[in-house]
Amino acid sequence: MIEGTCHCAAVRWRFDRMPEEATACNCTICRKYGTLWAYDFDGEAIHVTGETKAYARADGQIGFHFCPTCGGLTHWRSNLLR
């Protein structure tokens with residue numbers, strides 16, 4: 001299991017498995033944050049608690065979620081699966 005929080009700990013996430021791989025995305029947002037992304041389904045192996053705000057790229061396909069208090073990026077969600 002892997003757990004994390006935003007800087008102020010108002011938003012928490014948990015990944016219940018050990019990821020088999022992680023993606024180092026090279027888009028401008030991911031490069032800025034230096035993130036490595038592990039994937040699964042929300043509510044299955046991935047659990048996020050706490051209120052977030054989201055920023056969607058111009059194409060609207062991905063929402064990057066961050067803490068409204070400290071601004072820490074916590075996760076992303078596809079906007080295509082609504």
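Let me begin with Tyr39, which is partly exposed at a relative accessible area of 42%. Here buried means under 20% relative accessible area, exposed over 50%, and partly exposed in between, with a 1.4 Å probe and protein chains only. Trp76 is likewise partly exposed, its relative accessible area being 26%.

A word on the basis: this is a predicted model, in which local features need pLDDT of at least 70 and side-chain atom pairs count only at pLDDT 80 or more, while totals for chains, interfaces and linings use all residues. Residues are numbered from 1 along each chain as its sequence is written, and side-chain values use heavy atoms, with hydrogens and water left out.

How many aromatic pairs are there? Rings of Phe, Tyr and Trp (for Trp, the six-membered ring) pair if their centres lie within 6.5 Å; planes under 30 degrees apart are stacked, over 60 edge-to-face, and the rest tilted. The count by this rule is one aromatic pair. The ring centres of Tyr39 and Trp76 are 6.0 Å apart and the planes stand at 70 degrees, so this pair is edge-to-face. Tyr39 belongs to the loop between helix H1 (28-33) and strand E3 (46-49), and Trp76 to strand E6 (residues 73-78), so the pair ties together parts 37 residues apart in sequence. Helices (H or I, at least four residues) and strands (E, at least two) are DSSP runs, numbered from the N terminus.

The loop between H1 and E3 also holds Thr35. At 17% relative accessibility, Thr35 counts as buried. Leaving aside residues up to four places away in sequence, Thr35 touches Thr23, Ala24, Cys30 and Leu73, where contact means heavy atoms within 4.5 Å.

I turn now to the strands, where two strands pair if DSSP finds at least two bridges between them. An open sheet of three strands runs in the order E1-E2-E3 with antiparallel pairing. Strand E1 (2-5) and E3 are at the edges with a single partner strand each, so one side of each has no neighbour in the sheet. Four bridges link E1 and strand E2 (residues 12-15) in the antiparallel sense; Ile2 has Phe15 in E2 as its bridge partner.

Finally, strand E4 (residues 53-56) and strand E5 (residues 62-66) run antiparallel, joined by four bridges. Tyr55 has Phe64 in E5 as its bridge partner. E4 and E5 form a hairpin with five residues between them, and Gly60 in the turn has a positive phi of about 70 degrees.
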